[in-house]
Amino acid sequence: MQLKLNKLVIWHVYSTLHNNTHASLQTKPKITTSVRRVIFASSNHVMGGYKDDTSYGPSSLTPSTEPRVGTVPLDTKTLAVSGDAKGYAAAKLAGERLAMTLASLYGDVTSFVVLRIGWCQPGLNLPCTLSAAGSPPEFLLEGEGDDGGGGVVPEQSEGDQKDEVWFKQMWLSNRDYLSYFEKAIELDVPITESSGDVENVHRHVRKGFVLLNAMSANAGAKWNLEETEKWLGIKSEDDSLK
């Protein structure tokens with residue numbers, strides 16, 4: 001999906017590998033018409049491989065941390081119905097790298113802001129309805145409930161309970177979601193290559209390009225929001241555990 005507004009493109013590609021890749025490859029023609037800013041809605045799944053790595057503690061995942069694609073559920077039944085998380089995440093990562101490459105070529109005209117979106121639910125998106133099921137009960141599809149009829153969050157396994165902590169710690173509230181995107185439109189992206197850590201191939205600030213984590217300020221989360229606060233000039237107002 002894309003929305004053009006005063007030479008702005010919001011670039012959000014959906015759930016399948018084919019759709020993500022195809023949409024990414026269609027982006028170059030869009031920016032040759034002097035679009036000022038492209039905002040790419042990437043995904044937390046790009047870093048999902050850190051979910052069960054206990055060597056990474058709170059605030060350890062920065063935008064420059066090496067990607068590990070795919071959030072793989074611990075429970076085998078949940079895994080069987082969860083879709084191809086690694087394929088989805090790989091396509092999102094490819095979109096990030098395409099944005100980075102286009103910025104190196106056209107960054108003086110068109111700048112790119114990449115937001116790695118946290119866990120958002122449809123509807124009110126309340127912390128109390130966060131679970132390994134992925135959606136609030138009223139949004140579960142037919143057959144996803146514990147009675148096979150939808151509308152009821154299934155009983156959680158031990159693996160699901162562990163995964164739920166990860167989901168709650170990467171929650172992004174509706175309020176923070178809107179604030180992040182509004183500030184991403186206004187963000188002053190550098191138009192020259194930084195003289196900083198140029199040896200880090202995963203660096204998140206380059207000519208015409210800034211990549212940021214986009215989660216709420218959830219207590220104990222591995223996600224580091226220092227660069228988000230620095231570049232967007234705002235702090236998250238919400239916490240899934242409060």
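Which residues touch the most other members of the largest nonpolar core? I began there, taking a nonpolar core as a set of buried Ala, Val, Leu, Ile, Met, Phe, Trp, Tyr and Cys residues joined through side-chain atoms within 4.5 Å, with buried meaning under 20% relative accessible area, exposed over 50% and partly exposed in between (1.4 Å probe, protein chains only). This core has 32 residues, and Leu115, Ile117, Met170, Tyr180 and Trp223 touch the most other members. I noted β3 (37-43), β4 (111-117), α5 (158-169), α6 (174-186) and β6 (209-214) as the elements giving it two or more residues; helices (H or I, at least four residues) and strands (E, at least two) are DSSP runs, numbered from the N terminus. Apart from this core lies another, of 11 residues, including Leu102 and Phe209.

The model is predicted, so local features need pLDDT of at least 70 and side-chain atom pairs count only at 80 or more, while totals for chains, interfaces and linings use all residues. Residues are numbered from 1 along each chain as its sequence is written, and side-chain values use heavy atoms, leaving out hydrogens and water.

I then looked up leucine 115, which, beyond its neighbours within four places in sequence, is in contact (heavy atoms within 4.5 Å) with residues including Phe40, Tyr180, Phe181 and Leu212.

Last came confidence, as pLDDT (the predictor's confidence in each residue, from 0 to 100): the protein chain averages 82, and 74% of the residues score at least 70. The mean is lowest in strand β1 (residues 2-4), at 42, and highest in β6, at 98. Over residues 141-151 I found pLDDT staying under 50, with 19 contacts beyond four places in sequence.
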